[in-house]
Amino acid sequence: MVVLEVKKLGKKYLGNDFYSLKDADFRIVDGEIVGLVGKNGSGKSTLLKCIAKSQRPSEGQIFIDTQDIYSGKGMLDNFGIMIDPVFFPQISVLENLKLYLKIHQKEEYYSNIESILRLVGLWDARYRKPKDFSFGMKQRTALAIALITEPKFLLLDEPFVGLDPIGVKNLLAILKEWAVSKQTSMLISSHQLSELEELCDRFLFIEAGVISEANPADAEKICVELISPIRERRLLEQLSAYDSISFEGRLLEIPVDMNEHDLNHVFKVLAEKNKIKSVLSKRDHLQKLFVED
Ligand SMILES: Nc1ncnc2c1ncn2[C@@H]1O[C@H](COP(=O)(O)OP(=O)(O)O)[C@@H](O)[C@H]1O
Ligand SMILES: [Mg+2]
């Protein structure tokens, strides 16, 4: 079942002359873990904030369980959200969690406090106040709040940033387990694909506010990066003869199941003109585009 649907979503902040998010369109189903990958400033937090209703979109709509998020109250009740710090800096971590559960009338989760604080490595610091915390500890406080009610949907903005390698491992393990045992759906952002690689079922790549989806089918494409765009008329004609090949600028995409004869011909005509710069899988290509600097 579709739990989250984002339709033609756009966001232009007041005073900006550019969109931080443009025409975002995707769906997430029960138990699906989706990674949102992009460099700093690409629009990851903007998308998550729109879903969390902490930013109002300029265009488009968001549906949770087929209901528009602005159509009623309590639409985010089953969401665990970690985007901006939501804790009170002047009271202890323990008090923060208790207060959060009280405000949201979810006191039945009191018994989760110890395990969650141990998970994020804050159990020993439970009587300390976030105002005295390092950046990483603040991040982990926010993470504990997002996880404490075992929500049906997790919206996590760069959750690994403040964790040490063991913390990362523990968090990955619990997220994976929840996806299976509780059918928790997740949208998790990161500026590093490698962090999310083993966790996510699917990825959304974002660059300058524009999302491109790396479908499993995309792995079935070979990307040929060209030295320069194809301008030679003869070459254009030869390649246009193949419906399954697409080219745009310096990129040519070929399905992996292309037959031997055609494959040899395509590479031959490209090689004759010294056009080939590199050959990558579509996934590797996306990684190179969106993640490397
Ligand atoms: N409150 C804001 N007001 C104006 N511009 C913003 C605001 N928040 C983010 N932006 C701009 O929107 C773009 C995307 O930012 P953001 O969503 O924070 O990216 P990311 O989370 O991927 O680093 C950036 O150009 C950023 O400067
Ligand atoms: Mg961000």
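**Rings and a buried methionine**

Author: The count of aromatic pairs comes to two. The model is predicted.

Reader: What makes Phe79 and Phe153 a stacked pair?

Author: The ring centres of Phe79 and Phe153 lie 4.6 Å apart, with 5 degrees between the planes. Pairing needs centres within 6.5 Å, and stacking needs planes under 30 degrees apart. So Phe79 and Phe153 pair, and the pair is stacked.

Reader: Which parts does this pair tie together?

Author: Phe79 is in strand β6 (residues 79-82) and Phe153 in strand β7 (residues 153-157), so the pair links parts 74 residues apart in sequence. Phe79 and Phe153 are both buried.

Reader: Why is the pair of Phe203 and Phe205 called tilted?

Author: The centres are 6.2 Å apart and the planes stand at 40 degrees. Stacked means under 30 degrees, edge-to-face over 60, and the rest is tilted. Therefore Phe203 and Phe205 form a tilted pair. Phe203 is buried, and Phe205 is too.

Reader: How do you know that Met186 is buried?

Author: The relative accessible area of Met186 is 0%. Buried means under 20%, so Met186 qualifies. Met186 sits in strand β8 (residues 185-190).

Reader: Which residues is Met186 in contact with, leaving aside neighbours within four places in sequence?

Author: Among them are Ile28, Val34, Phe153 and Trp178.

Reader: What puts Lys22 over the face of Tyr19?

Author: Lys22 is at 4.0 Å from the ring centre of Tyr19. The distance cut-off is within 6 Å, alongside an angle limit of within 35 degrees of the ring normal. Arg56 lies over the face of Tyr70, at 3.8 Å from the ring centre.

Definitions and conventions. Residues numbered from 1 in each chain as written. Chains lettered and ligands numbered in written order. Predicted model: local features only at pLDDT ≥ 70, side-chain atom pairs only at ≥ 80, totals over all residues. Heavy atoms only, no water. Helix = DSSP H or I, 4+ residues; strand = E, 2+ residues; numbered from the N terminus. Buried < 20%, exposed > 50% of the residue type's maximum accessible area, 1.4 Å probe, protein only. Contact = heavy atoms within 4.5 Å. Phe/Tyr/Trp six-rings, centres within 6.5 Å; stacked < 30°, edge-to-face > 60°.
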